[in-house]
Amino acid sequence: MNGRVLKIGALTIAAVAIVFSVVLASRFGRDPALVESPLLGQSAPTLQLELLDGSATFDMADLKGSIVVVNFFASWCLECRKEHADLVATSNAFADRNVRFVQIAYQEDPAATLGYLEDVGVSEATTYLRDDRSRAAIAYGVFGIPETFFIDESGTVVGKIIGEADALILGATLDSIIAGETPGQQTTGDTRQKPDA
Amino acid sequence: MSMSDRVKNSVVGGVIALLAVLVIGLVATNQSPGDRVEQIGSRIKCPVCQGESIADSPARMAMDMMALVEERVAAGASDDVIVDELLGSFTGAVLLDPTVSGSTLLLWLAPLVALIVGVGVIIWWKRHPGEESRNQARAPTNRRLVGGLIVIGGLVLIVGVATVLIQDGAETASGAAEVGVDNLDDVSNETMEAVIAANLDNPEINGMRLALAERYFETGDYRNAFPHFLSVAQSTIATDEEATIALVRLGWMAYDGNGEVETATDLLDQALEISPRSPVALYIKGQVLWCGANNTDDASTVFEEILAQTDLAEDTRSRVESDLALTSTGATCT
């Protein structure tokens with residue numbers, strides 16, 4: 001009887017050890033960047049950042065009352081280059097719908113970013129900012145780029161796109177926010193870290 | 001050693017231990033700001049690295065996070081406040097000593113389970129110093145106790161695993177929200193404008209252009225409809241059907257919007273060069289001739305040409321017949 005109890009105990013431990021190992025092993029490949037952002041449903045970070053050309057300071061709090069799209073990008077990011085025309089087009093198209101686009105350069109020399117934007121073009125309706133000390137990237141919990149956040153008129157983060165976004169996804173997300181919906185988080189593709197990071 | 005010596009030694013040992021605890025406590029609570037920064041930094045995982053703390057990582061993000069921690073320490077923020085500020089944006093995935101919740105529960109339960117199992121084993125060995133068989137009859141209760149402890153430990157771990165799996169499922173589900181674009185009818189004009197502007201080189205964009213232009217046209221917004229119809233009409237890759245409808249709409253807008261009869265007729269003739277039997281092109285031309293040029297004879301000719309088509313839709317035939325009845329009598333367009 002007692003030997004049987006011990007055997008059952010030993011088998012239980014062995015089985016649990018196996019399950020334990022499998023669960024832990026399965027978590028090694030888990031990408032924390034894909035876990036839902038804790039910012040969703042929270043007030044957007046209020047930041048003061050310099051314009052990309054360094055000419056003035058821009059207070060993100062001034063955008064409250066508008067729907068705001070915050071995109072983190074850099075010239076070294078292939079996906080960012082691919083989505084750039086879509087961001088410009090969507091910013092222009094929604095400029096009259098109380099939507100403001102803010103693009104924040106991520107871990108890049110502002111001169112390099114300015115040169116890149118000269119090549120690919122900008123939207124007059126978009127504000128381009130620098131983030132020399134990564135304060136905005138930290139405040140938004142950026143794991144890699146491109147990442148795009150959506151903030152409603154009340155200043156609440158209501159959406160996030162991880163990876164490259166196109167005009168249809170950007171526009172449809174804005175349509176849903178304008179309709180009073182909460183689009184949430186979606187992943188469209190990979191994000192990148194600076195090659196030498 | 002006498003009883004009093006043992007008591008004395010115990011008291012001395014206790015005092016030394018107490019002093020040691022106090023000294024360690026004092027040292028721990030009087031850390032320099034730099035030590036605090038390092039300590040906090042060592043608790044936070046670098047979000048862009050593999051298993052390194054921000055204190056150890058040379059990555060730009062890690063260094064910037066350390067600078068932020070240093071700034072917050074200098075400002076007098078507590079360790080927990082600083083960590084919470086970072087967790088507020090990054091999720092618990094950046095904490096190297098995770099909180100007891102959700103997916104981290106398993107890690108915290110493991111030592112507890114090990115403790116229970118360990119205590120069980122120790123009791124077992126203490127109660128069974130010799131061969132198991134010799135003691136079987138003597139201490140069945142203790143062995144049941146050991147077995148029970150082991151089973152309890154296993155159950156606790158199973159509960160932990162289940163909790164992790166359930167919580168992971170919830171995280172995945174909540175993270176899977178997507179904005180669906182199943183039907184262009186659900187998409188705003190602004191979104192369509194953005195898609196078109198971002199895909200000027202895409203040969204398939206004419207379809208969306210026409211769909212958007214039709215939306216504007218139907219609401220009488222000729223100003224916004226015009227550039228899209230014009231773009232399709234001038235496109236070298238537009239289908240005959242696309243080019244025809246674009247020219248017909250341009251013709252109608254030229255007449256209805258600006259009263260330009262000649263321009264309208266030219267555009268409608270261009271459409272008819274591409275699609276000579278197009279009922280819509282013929283009908284609009286008949287309307288422009290009748291209502292714009294007051295030319296009922298030519299209008300009647302065009303309407304008769306439409307009615308000669310055998311595959312005409314019934315409602316179109318009915319409308320054309322009605323108009324022809326008027327133009328053939330020289331009636332004025334109203």
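Is Glu71(B), at 38% relative accessibility, buried, partly exposed or exposed?

The structure is a predicted model, in which local features need pLDDT of at least 70 and side-chain atom pairs count only at pLDDT 80 or more, while totals for chains, interfaces and linings use all residues. Residues are numbered from 1 along each chain as its sequence is written, chains are lettered from A and ligands numbered from 1 in the order in which they are written, and side-chain values use heavy atoms, with hydrogens and water left out.

To the opening question: Glu71(B) counts as partly exposed. Here buried means under 20% relative accessible area, exposed means over 50%, and partly exposed lies in between, with a 1.4 Å probe and protein chains only.

Let me turn to salt bridges. Side chains of opposite charge can pair when their charged atoms come close. A salt bridge is a side-chain nitrogen of Lys or Arg within 4 Å of a carboxyl oxygen of Asp or Glu. Over all chains, the count comes to 12.

Glu71(B) forms one of them with Arg135(A), the closest N and O atoms being 3.1 Å apart. Arg135(A) lies in helix α4 (residues 135-139) of chain A and Glu71(B) in helix α3 (residues 60-74) of chain B, so this pair joins two chains. Helices (H or I, at least four residues) and strands (E, at least two) are DSSP runs, numbered from the N terminus. Arg135(A) is buried, with a relative accessible area of 15%.

Within chain A, Glu147(A) and Lys160(A) form a salt bridge at 3.6 Å, N to O. This pair links distant parts of the chain, 13 residues apart: Glu147(A) is in strand β6 (residues 147-151) and Lys160(A) in strand β7 (residues 157-162). Both residues are buried.

In chain B, the side chains of Arg277(B) and Asp311(B) also meet in a salt bridge, at 3.6 Å, N to O. Arg277(B) lies in the loop between α12 (261-274) and α13 (279-292), and Asp311(B) in the loop between α14 (296-307) and α15 (314-327), so the pair ties together parts that are 34 residues apart in sequence. Arg277(B) is partly exposed at 48%, and Asp311(B) is exposed at 56%.

Finally, the aromatic rings. A search of the whole structure finds 10 aromatic pairs over all chains. The rings of Tyr140(A) and Phe149(A) have centres 4.9 Å apart and planes at 55°, so the pair is tilted. Rings of Phe, Tyr and Trp (its six-membered ring) pair if their centres lie within 6.5 Å; planes under 30 degrees apart count as stacked, over 60 as edge-to-face and the rest as tilted. Tyr140(A) is buried at 0% relative accessibility, and Phe149(A) is likewise buried at 0%. Ring pairs link both to Phe72(A) in a cluster.
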